[in-house]
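User: I would like to go through this structure and ask what stands behind each label.

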Amino acid sequence: MLAVFDIGGTKIRAAGSAAPGQFGPATDMRTPREDLAGFIAALAGSIATMGPGVRGIAISIAGCVDPVSGRMKVANIPCLDGRIPAEDLGTALGLPVWIGNDADCFALAEAAEGAGRGHRTVFGVILGTGVGGGLVIDGRLVTGAGGFAGEWGHGPVQDRAPLGHALPRFACGCGQEGCLDAIGGARGIERLHRDLHGQALPAEAITTGWQAGDAASSETVAVWLEVMAGPLAMVLNVVGATSVPVGGGLARVPGLVAALDAAVSARRLWQAPGSVVVPAALPGDPGLVGAAHAGWQALVPC
Ligand SMILES: [Zn+2]
């Protein structure tokens with residue numbers, strides 16, 4: 001049995017996993033954000049309810065773990081930021097710990113059980129509040145230098161004048177300007193719409209307007225596709241992925257992922273026989289599923 005946790009800034013979801021892809025009932029609890037002892041106690045209490053035989057802990061978290069040092073960067077859970085959770089939790093709980101980034105866990109979950117099943121190289125994309133990604137080759141996560149592999153949302157690549165619209169390179173949380181993370185997620189499409197049309201609308205209103213044929217929203221989405229498709233086509237040329245499952249809030253907008261697939265297809269070298277950029281297919285919690293697969297691979301040698 002593995003104890004598996006999907007840890008976000010507000011809640012922790014926990015479930016026991018008896019085998020990869022198999023889970024007991026999931027439970028939710030509030031995340032102790034400021035208090036490491038309270039955080040460890042919350043996990044210990046949850047593990048105690050899973051019964052005897054827990055052999056390790058697998059965690060998906062909205063942060064980045066350096067694969068060499070094990071040190072974590074996590075903005076929204078201050079008690080873990082800068083710590084080495086595998087040591088803190090492993091020592092306190094007496095169990096081996098695997099911990100990974102939530103976009104990586106999403107990519108692994110989709111590669112193992114979702115839209116990427118059967119593909120050797122899968123690039124999972126998150127279009128949530130920002131832009132994330134994860135790379136899976138032959139069923140294993142590629143974490144890379146600093147744990148940043150798959151982070152295609154950062155690095156100044158934004159087109160200054162997509163479809164003839166002069167746009168500023170928006171400032172990004174990573175300290176650079178012109179990152180996809182600042183223009184490609186839900187907050188980014190809102191920023192883009194405000195810059196193009198002077199209207200402060202939520203992302204949902206913009207995508208609904210696009211579906212309804214509203215001129216301003218349609219222009220925003222056309223520019224957004226132009227900005228996103230080139231960098232994603234380049235990622236696919238580099239890594240050779242044959243499947244790109246897309247998750248996050250924007251992936252649930254009917255037709256938007258298909259439009260992105262068409263735009264990427266027009267720019268990619270490999271002409272696939274069908275869709276490559278597709279909506280994520282796994283029902284349930286990809287954080288739990290991906291962390292469990294990684295945990296079973298890393299902690300329980302076969
Ligand atoms: Zn950035």
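User: What is the strand order in the open sheet of 5 strands that includes S8, and what pairing does this sheet have?

Analyst: This is a predicted model. In that sheet the order is S10-S9-S8-S11-S12, and the pairing is mixed.

User: What makes S10 and S12 the edge strands?

Analyst: Strand S10 (140-142) and strand S12 (277-279) each pair on one side only. Between neighbouring strands of this sheet the average turn is 30°, direction ignored.

User: How do you know that S8 and S9 are paired?

Analyst: Two strands pair if at least two bridges are found between them. Strand S8 (residues 121-127) and strand S9 (residues 131-137) are joined by 7 bridges and run antiparallel, so they count as paired. Leu-127, for one, has Val-131 in S9 as its bridge partner.

User: Which helices lie on this sheet, and what do they touch?

Analyst: Helix H3 (residues 102-113) packs on the sheet and touches S8, S9, S10 and strand S11 (244-247). The direction of H3 makes about 45° with that of S9. Helix H7 (residues 256-265) lies across S8, S11 and S12. H7 runs at about 175° to S12, and over 145 degrees counts as roughly antiparallel.

User: Why are H5 and H6 called roughly perpendicular?

Analyst: Helix H5 (residues 203-212) and helix H6 (residues 215-239) pack at an angle of about 105°, their axes being 7 Å apart. The range for roughly perpendicular is 65 to 115 degrees, so H5 and H6 are roughly perpendicular to each other. On the H5 side the contact is made by Ala-205, Ile-206, Gly-209 and Trp-210, and on the H6 side by Ser-217, Ser-218, Thr-220 and Val-221. By class, this contact has 4 nonpolar, 4 polar and no charged residues.

User: Why is the site of the zinc ion called tetrahedral?

Analyst: Four donors count as tetrahedral if all angles lie between 85 and 135 degrees. The angles among the 4 donor atoms of the zinc ion are 100 to 127°, and the site is tetrahedral.

User: What makes the four residues at the zinc ion its donors?

Analyst: The cut-off for a donor is 2.8 Å from the metal. His-154 (ND1), Cys-172 (SG), Cys-174 (SG) and Cys-179 (SG) lie 2.1 to 2.4 Å from the zinc ion. Along the chain their spacing is H-x17-C-x1-C-x4-C. His-154 and Cys-174 both lie in the loop between S10 and helix H4 (186-197), so the pair ties together parts that are 20 residues apart in sequence.

User: What can be said of the sheet with S1 in it?

Analyst: That open sheet of 5 strands has the order S3-S2-S1-S4-S7 with mixed pairing. Strand S3 (27-30) and strand S7 (97-101) are its edge strands, each pairing on one side only.

User: How do you know that S2 and S3 are paired?

Analyst: Strand S2 (residues 11-17) is joined to S3 by 4 bridges, the two running antiparallel, and pairing needs at least two bridges. In S3, Thr-27 is the bridge partner of Ala-14. Helix H1 (residues 36-48) packs on this sheet, touching strand S1 (2-7), S2, S3 and strand S4 (56-61). Helix H2 (residues 85-93) also packs on the sheet, touching S4 and S7.

Notes. Residues are numbered from 1 along each chain as its sequence is written. This is a predicted model: local features need pLDDT of at least 70, side-chain atom pairs count only at pLDDT 80 or more; totals for chains, interfaces and linings use all residues. Side-chain values use heavy atoms; hydrogens and water are left out. Axes are lines fitted to C-alpha atoms, for helices over the stretch in contact, and angles run from 0 to 180 degrees between N-to-C directions. Contact means heavy atoms within 4.5 Å. Angles under 35 degrees count as roughly parallel, over 145 as roughly antiparallel, 65 to 115 as roughly perpendicular and the rest as oblique. Ala, Val, Leu, Ile, Met, Phe, Trp, Tyr, Cys and Pro count as nonpolar, Asp, Glu, Lys and Arg as charged, and the others, Gly among them, as polar. Donors are N, O and S atoms within 2.8 Å of the metal (3.2 Å for Na, K and Ca); water is not among the atoms, so sites may look incomplete. Four donors count as tetrahedral if all angles lie between 85 and 135 degrees; four count as square planar and six as octahedral if opposite donors are over 155 degrees apart and all others between 65 and 115; anything else is irregular.
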